Amino acid sequence: MATLPVEVITEILSRLPVKSVLRLRSTCKCWRSLIDTTHFILFHLSKYHTTLILRHRSHLYTLDLQSLEKPLEITHPLMCYSNSIKVLGSCNGLLCISNVADDIALWNPNLRKHRILPADRFHRPDSSLFAARVHGFGHDAASNDYKLVSITYFVDLHNRTFDSQVQLYTLKSDAWKNLPSMPYALCCARTMGVLVSGALHWIVTRKLEPDQPDLIVAFDLTREIFREVELPVTVKGNFDMEVALLGGCLCLVENRGSGFDIWVMRVYRSTDSWEKLFTLTHDHLQIGLPKLKSVRPLLLDGGRVLLEQNRSKLCWYNLRNGDVSFVKIPGLGNSIEGTVCVESILPPTLLNLRDEREMQGLGHLNNRKKRDDFLSKGFKLTL
């Protein structure tokens, strides 16, 4: 390959998985110099190599998305004090993880490099009860900065009121800052922010009342403000809902009791673009489960959707014929949570000024590629 033009070598290497790239990096100085350039790091990232990260108690595993067999345990950099670890988010190959002591790390498991974040400024009000804390992690393309938002939610049960503390960490400052409180109550304390088109999304409600409808709220990583996202016209927010990322699009799962409706917003922030992709009934997924409580789409692969159910099992749902096939993962039992992660050789540090210019526009590249692939399939099914 020494006689090939550098552009051809770059193209060939960029199509390889991270493990192969790292092995080749050690073969000769010229390849090391090429692979270490910012241009190659970002070019390789744009090819979108994905893997599935599985959390099982305090352990994390990678799973090849093609075979979904033989999970490989990866050693994360945090101490585990009570047999638990959380994945707070994933962006451009960087995982944001935390433990029960609220230690937080930005970590590239492929490079085995991490960065421990400073402690946040959280304090508990004397008159309120701590209810929940969620996080969201993503890349702000406008400033080329990685940001982590922390929302701590408090309730006053006597007066049926709530309040929140919102803090934002930016990699450029390596510090936390306080933001105005969020005027919504979180509906699910276990759901981390879903990153779509430069914003993080949660399901919330405006008041702590039984008949109060739920809605989608987004935190804009560039403007650093919350805003509402319109629901599909026929969805009133009266059933349990969850947001996800599917095919690069914002995805809404509505649990109607009799089954789950899965919606996708094909054009972000365009209410008219909401489309019901398919409906899952309890008959589809009841096999092997005591009670079906939740369904979360993880990945679109051709005409199939990989689903996580009850935070315990994985299955493929065939969009064309409605068939369900369960995924058996040896050695992990029935308590797993999945996160789709891009494989990259991007370090958990900021790039220099020249590199920032190369980064402009990259923040939405992966979502856009996934969304274009998704729309090109022409899936307009309501099963």
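**Entry 1: the second largest pocket**

I began with the lining of the second largest pocket, where strand E17 gives the largest share, three residues. Strands here are DSSP runs of E with at least two residues, helices are runs of H or I with at least four, and both are numbered from the N terminus. I note at once that this is a predicted model, in which local features need pLDDT of at least 70, side-chain atom pairs count only at pLDDT 80 or more, and totals for chains, interfaces and linings use all residues. Residues are numbered from 1 along each chain as its sequence is written, and side-chain values use heavy atoms, with hydrogens and water left out.

I looked up the pocket's volume and found about 380 Å³. A pocket is an open set of points on a 1 Å grid over the protein atoms alone, where a 1.4 Å probe fits and protein lies on both sides within 12 Å along at least five of seven lines; lining residues have an atom within 4 Å of a point. Grid points are joined across faces, edges and corners, and the volume is the space filled by probe spheres set on them.

Which residues lie nearest the centre of this pocket? I found Cys188, Asp240, Met241, Glu242 and Ser294, out of 19 lining residues. At least two lining residues each come from E17 (240–246), E18 (249–255) and E21 (295–301). By class I recorded seven nonpolar, four polar and eight charged residues in the lining. Nonpolar covers Ala, Val, Leu, Ile, Met, Phe, Trp, Tyr, Cys and Pro; charged covers Asp, Glu, Lys and Arg; the others, Gly among them, are polar.

**Entry 2: the sheet with E1 and E2**

I traced an open sheet of four strands, E3-E2-E1-E25, paired antiparallel; two strands pair if DSSP finds at least two bridges between them. Strands E3 (72–74) and E25 (337–343) each have a single partner strand, so one side of each is without a neighbour in the sheet. The twist averages 35° from one strand to the next. Angles run from 0 to 180 degrees between N-to-C directions, and axes are lines fitted to C-alpha atoms, for helices over the stretch in contact.

Antiparallel strands E1 (49–56) and E2 (59–63) are joined by five bridges, and Leu52 stands opposite Leu63 in E2. In the loop between E1 and E2 I located Arg57, whose phi is near 60°, a positive value in a residue other than glycine.

**Entry 3: the sheet with E10 and E11**

I then followed a second open sheet, E8-E9-E10-E11, also of four strands with antiparallel pairing. Its edge strands, E8 (129–140) and E11 (175–179), pair on one side only. Direction ignored, neighbouring strands are turned by 20° against each other on average.

How many bridges join E10 (161–170) to E11? I counted five, with the strands running antiparallel. Val166 has Leu179 in E11 as its bridge partner.

**Entry 4: a further loop**

I looked up Arg311 in the loop between E22 (304–309) and E23 (313–318). Its phi is near 50°, again positive in a residue other than glycine.
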